[in-house]
Amino acid sequence: MTGGTDEPAIAEPIVLVGLMGSGKTSVGTRLAAALGRQFRDSDWGLEAEYGQTAAEQVARYGADVLHEREAAVVRKGLAARPPAVIAAAASVVEDPATRAALGNAYVIWLDAPPAVLAARIGPGGDHRPHYHPDPVVMLTRQREQRARWFQQVADLVVDVSEIDPDAVTERILAALRRTAADR
């Protein structure tokens, strides 16, 4: 992977969206390193700010409170300077204010079929909330609910089904170079 001064000059924050298991953290850390930017993960920010994982917050306060908090963490990340690479919780696209704020960022939707994502996340029990015992059913429902918003905010869609995080990162960097050259 490349890095340094030959990388694209994109001034705005770069935000990765997608369902759990799409590789937002894996790709985001690589992309931030290649661009020389800070990496902000909404899961990490959520836990740092509230002292609990997303799964713990859902259990204690419910999904609505978690989603409000996730959106606030992402909006805070969007306002940070210098602009960062942000891995955003999938739920943030449901919030109209956050969708509007994403208009000032370069947004990349990491997409894959729910069965592929379910295989990546494995069984429950970690920091992620599981809203249904069958992860394929859960992710299918979430994709049906959020796909229109992912599409609405995305400047780039990358199918991550059959490529690893390094290849996804290189694909994004190539798209960023084209975008920077067109500006």
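Predicted model: local features only at pLDDT ≥ 70, side-chain atom pairs only at ≥ 80, totals over all residues.
R146 counts as buried, at 5% relative accessibility, whereas E94 is partly exposed, with a relative accessible area of 22%. Here buried means under 20% relative accessible area, exposed over 50%, and partly exposed in between (1.4 Å probe, protein chains only).

Residues are numbered from 1 along each chain as its sequence is written, and side-chain values use heavy atoms, with hydrogens and water left out. The predictor's confidence in each residue is given by pLDDT, from 0 to 100. Its mean over the protein chain is 89, and 89% of the residues reach 70 or more. Over residues 1–5 the pLDDT is below 50, and this stretch has 13 contacts in the model beyond near neighbours in sequence, a contact being heavy atoms within 4.5 Å.

A search of the whole structure finds 5 salt bridges. Side chains of opposite charge can pair when their charged atoms come close. With R75 in helix α4 (residues 63–79) and D95 in the loop between β3 (85–87) and α5 (96–101), the pair ties together parts that are 20 residues apart in sequence. Both partners count as partly exposed, R75 at 33% relative accessibility and D95 at 23%.

Helix α7 also supplies a partner for D111, which forms a salt bridge with R143. The closest N and O atoms of D111 and R143 are 2.6 Å apart. This pair links distant parts of the chain, with D111 in strand β4 (residues 106–111) and R143 in helix α7, 32 residues apart. D111 counts as buried at 15% relative accessibility, while R143 is partly exposed, with a relative accessible area of 25%.

Turning to the sheet, its 5 strands are arranged in the order β2-β3-β1-β4-β5, open and with parallel pairing; two strands pair if DSSP finds at least two bridges between them. The edge strands, β2 (39–41) and β5 (156–159), each pair on one side only. From one strand to the next, the twist averages 20 degrees. Strand β1 (residues 14–17) pairs with β3 in the parallel sense over 3 bridges, and V15 has I86 in β3 as its bridge partner. Helix α7 packs on the sheet, touching β1, β4 and β5, and its direction makes about 145 degrees with that of β4. Such angles run from 0 to 180 degrees between N-to-C directions, with axes as lines fitted to C-alpha atoms, for helices over the stretch in contact.

Finally, S22 sits in the loop between β1 and α1 (24–35). S22 is buried, with a relative accessible area of 2%. Leaving aside neighbours within four places in sequence, S22 is in contact with L110, L117, R120 and V160.

Note on methods:
Salt bridge = Lys/Arg side-chain N within 4 Å of Asp/Glu carboxyl O. Helix = DSSP H or I, 4+ residues; strand = E, 2+ residues; numbered from the N terminus.
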